Amino acid sequence: MCGFFGIIYSDERREMGEVLFKAGKRLSYRGYDTSGVGVVDGSGNVEIRKDVGKIEEVAEKHRFAELSGKKGIIQLRWATFGVPSVRNAQPHKDCTGEFLGAHNGNIINTPALRMRLESSGHKLMGENDGEVILHVIEDYYKITGDMVQAIVQGTKDLEGDFACIITKRDEDRMFVVKKGSSLFLGKGDGYYCASSDLASILDHTKQILTLSDGEFVEFGTDYFIVRDLDTGEIIEKNLEEIDLDIGTVEKGSFPHFMLKEIYESPQKAHSLIGLMSGNVVYDEGVDLINASPRVFITGAGTSYHSALLGTYYFSRISGKLLNISFASDFREFYAPVLEDDDLLIAVSQSGETKDVKNVCDVFREKTEGKIISVVNNLGSTIALLSDLVLPIASDIEISVPATKTFVNQAILFLNMAVLSAKKKMLNVPTIPFEKIPWILEKSIEISEEYVDKVIQAVDRFNEFYILGYGLTYPAALEGALKVKEVVYVHAEGMYSGEFKHGPLSIVHQDYPVFFVSTIEDKFFVLSHIQEVKTRLGKVITVAPEDPELEEVSDIFIPLPTDNPYLVPISATIFFQLLAYHLGVNRGIDPDFPKNISKTITVD
Ligand code: M6R
């Protein structure tokens, strides 16, 4: 959801257009509808080229490749303020043409700022909030004559969560500001670059500075200065060598990132299991959970589903109730009852989801309680505002549908529930953690074997149900979310016991209903299956091998584990692959489903 990258060289570079294009491609996984570049040459001339559409189309149409320059910015925009159009595409200039800039996030008081700016004579080209930033800076520069002061004072007028990049045409420096959205600075060989997203910097360097909220950076070709956004005072910060491989952001031999990332799950699970066994933070997290009288847990989309699975793990294994809600519902549901010794677990792959950040904000407002975040992106806004960060160690996930990160979130919660129970001296069920990578590999293999047969059974339907019971309920919800997201058909995940209370009436000859079951829950599920079978529906069951379940199913997908705690993880792999293949068969690019974005940084 929006993203920018900016770079400054000591001399004019003929490859500027190519460099920006490559960075834009890296940003593209976040989802967007317009693409644009702004380049400043050695004489201070500014050239902006932007349009509606994918980066490849816009770059070709507007010949990015021919752009040379000393400073450059690329921005991909996901429309919020203003329709996707050339005038709303970024980067923007101010009225004087002195300032060039772009942003990520939302300036929520844009309507009021526009009125103020227009009534004082500013000419805005479109409705976009990014453009407003440039005009506000223009005003404060007129008053102060100083970029640092213009930024300190100007950003006080900008409400919302955002990060932005600004440069003055005739200066050999750029500025980036972090106020709620993620921001990184990277040191290349003789140059610096900055971005709202780490993936676009990794092509250049692993020497990274992760900015915290309320900081801004001035950078040139051979220096950077971090300052406090409130006061302008200098903050001492150093670059760090980060341990991320550029291979993570390449597709390699896979046709799509989604498929690559599903296939990476066994290896990422292996890394996480290794990390958790030797790292005290997970231990500290469990101590906090065990010591807190009330624990709340929240997330959005896939992260909500892993959090829900986590609540099942905790209540069943360690007897601890985690109070769960959608991030977007937390304020309404739980905020009125919060107390000072409450604990919050915020689950977010990106660590940037606005709904989850809102929960952290309201939690901070209402209680003295601590926040644990479960994140993949360690430099993210939510990670930075938490008291304790629990990494899921999945490496960057590019594809919009979350896959390998769901798996690692679930493994993390399972491990923590076990640890929590052990610390309470409870009897702990046997979980073969060391076998999980193998189970995931086998899950992929088996799913690929059955997926064509299942596609034949369901492809002519534009709707179906996926039903789970107990531990497999979150897998049913997650399976349905993947199908909706990547296949654009209505799949509904539901508790199988609820199906007879209304939805059953939809079933007719061959209507597909998926069931996900553990062995221990099979007697309930067998009864729910019969309800569908007797109405001639097509029953597709995803479960550990079991003659009775197999007997009543039209198609049976045998999972490679009968451990009830691992069945939901293994079953989710099947639905990820089903969604992937169904989507690709229908000509959909699963990495970039329409209308949505990898990181939802708006309310
Ligand atoms: O980065 P987050 O985990 O906070 O993202 C939350 C959801 O937007 C995300 O999981 C979304 O549901 C996925 N794209 C689904 O595949």
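This is a predicted model: local features need pLDDT of at least 70, side-chain atom pairs count only at pLDDT 80 or more; totals for chains, interfaces and linings use all residues.
## Ground rules

Residues are numbered from 1 along each chain as its sequence is written. Local features need pLDDT of at least 70 and side-chain atom pairs pLDDT 80 or more, while totals for chains, interfaces and linings use all residues, and side-chain values use heavy atoms, without hydrogens or water.

## Salt bridges

The count comes to 41 salt bridges (a side-chain nitrogen of Lys or Arg within 4 Å of a carboxyl oxygen of Asp or Glu). Arg169 pairs with Glu98 at 3.2 Å, N to O. Arg169 sits in the loop between β7 and β8 and Glu98 in the loop between β5 and β6, so this bridge ties together parts 71 residues apart in sequence (strands are DSSP E runs of at least two residues, helices H or I runs of at least four, numbered from the N terminus).

Asp161 meets Lys354 with the closest N and O atoms 3.9 Å apart. Here the loop between α5 and β7 is tied to helix α11, parts 193 residues apart in sequence. Asp161 is buried at 15% relative accessibility, and Lys354 is buried too, at 12% (buried is under 20% relative accessible area, exposed over 50%, partly exposed in between, with a 1.4 Å probe and protein chains only).

Ser306 belongs to helix α9, residues 301-318, and its relative accessible area is 0%. Leaving aside neighbours within four places in sequence, Ser306 is in contact (heavy atoms within 4.5 Å) with Val347, Phe406, Gln409, Ala410 and Phe413.
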